[in-house]
Amino acid sequence: MAWIQISTTVEETFAEPLSDAFGECGSVSVTFEDAQDQPIFEPDIGTTPIWQNTRVSALFDAEIDAQSVLKLLKQLLPAISEHDFKIEAIEDKDWVREWMDQFQPLAFGKRLWIVPSWLEAPDPQGVNLMLDPGLAFGTGTHPTTALCLEWLDSNPPLDLTVIDYGCGSGILALAAKKLGAASVCGTDIDPQAITASLENSKRNAENIPFALVKNFDSQPVDLLLANILAGPLKELAPEFERLMKPGAQLVLSGLLASQADELIAHYRHFGIELTELQTREEWGLLSGRKQSV
């Protein structure tokens with residue numbers, strides 16, 4: 001089966017209305033892409049950022065009359081010119097296979113691997129996390145996730161108690177558990193992240209408890225991991241201090257390297273000295289300890 005794709009580039013204020021209009025015209029899917037290589041580093045919590053110039057593409061059954069779609073779009077959104085749309089035929093593919101082929105096992109440090117569940121582990125003697133890309137952010141491909149995984153591989157949390165705060169897919173919690181942590185728990189503000197984390201925990205034959213932040217509580221732990229964003233990391237400093245034992249380790253990522261100095265100074269007010277900065281591309285990871293007394 002072939003498909004017809006209709007696409008155009010619009011300013012961000014038109015992206016969502018155009019997506020809705022495509023839906024009313026019978027599209028089977030709509031995707032957004034960055035039209036001008038504009039990175040979005042730190043969206044506000046609870047927001048879904050859209051690029052200033054966004055390419056909006058809609059997929060239709062090949063039997064659709066594309067010109068009729070454009071006329072209807074013009075009626076629904078008079079401000080958008082029907083002459084700005086590109087119409088092209090898309091060959092049918094095994095889209096699931098296309099998607100799966102994008103992912104390969106990834107190594108982090110000396111022994112930690114993230115392996116898509118449909119593939120064999122390259123190193124059966126390594127520490128292998130079976131993970132399916134899916135519901136929530138966190139497959140190891142982003143620099144901040146990679147920095148955290150490499151830190152865990154270099155600093156295995158043997159017999160430690162651990163919190164993964166902002167767990168996403170649960171990848172850091174799972175890595176900590178497989179690298180020898182005595183107990184691990186995780187939390188996130190997004191219900192989808194909790195669902196993904198629980199599924200990945202089950203896939204790896206682990207029983208790690210994950211809960212929404214509003215329902216989360218824990219005794220102070222030996223190690224707290226937080227791969228979020230600089231803004232929330234700053235706001236959460238007093239909560240992290242509460243959740244850490246005296247002398248406990250703290251690993252923060254999700255920040256830009258340029259934001260490190262501000263966070264180091266801020267956490268010092270809460271008795272936490274962040275002494276190590278690692279960077280990858282423009283991103284950074286900070287690690288350190290809470291004062292023992």
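## Cysteines

Let's start with cysteine 148: it counts as buried, at 2% relative accessibility (buried means under 20% relative accessible area, exposed over 50%, partly exposed in between, using a 1.4 Å probe and protein chains only). Keep in mind that this is a predicted model, where local features need pLDDT of at least 70, side-chain atom pairs count only at pLDDT 80 or more, and totals for chains, interfaces and linings use all residues. Residues are numbered from 1 along each chain as its sequence is written, and side-chain values use heavy atoms, with hydrogens and water left out.

Cysteine 167 is buried too, with a relative accessible area of 4%. Its closest cysteine sulfur, in cysteine 185, is 9.8 Å away, too far for a bond. Across the whole structure, the search turns up zero disulfides (a disulfide is a pair of cysteine sulfur atoms within 2.5 Å).

## Aromatic pairs

Now for the rings: the whole structure has four aromatic pairs (rings of Phe, Tyr and Trp, the last by its six-membered ring, pair if their centres lie within 6.5 Å; planes under 30 degrees apart count as stacked, over 60 as edge-to-face and the rest as tilted). One of them joins phenylalanine 22 and phenylalanine 85, edge-to-face, at 6.2 Å centre to centre with 90° between the planes. Phenylalanine 22 sits in helix α1 (residues 12–24) and phenylalanine 85 in the loop between α2 (66–76) and β4 (86–90), so this pair ties together parts 63 residues apart in sequence (helices, H or I of at least four residues, and strands, E of at least two, are DSSP runs numbered from the N terminus). Both phenylalanines are buried. Ring pairs also link Phe22, Phe60 and Phe85 into a cluster.
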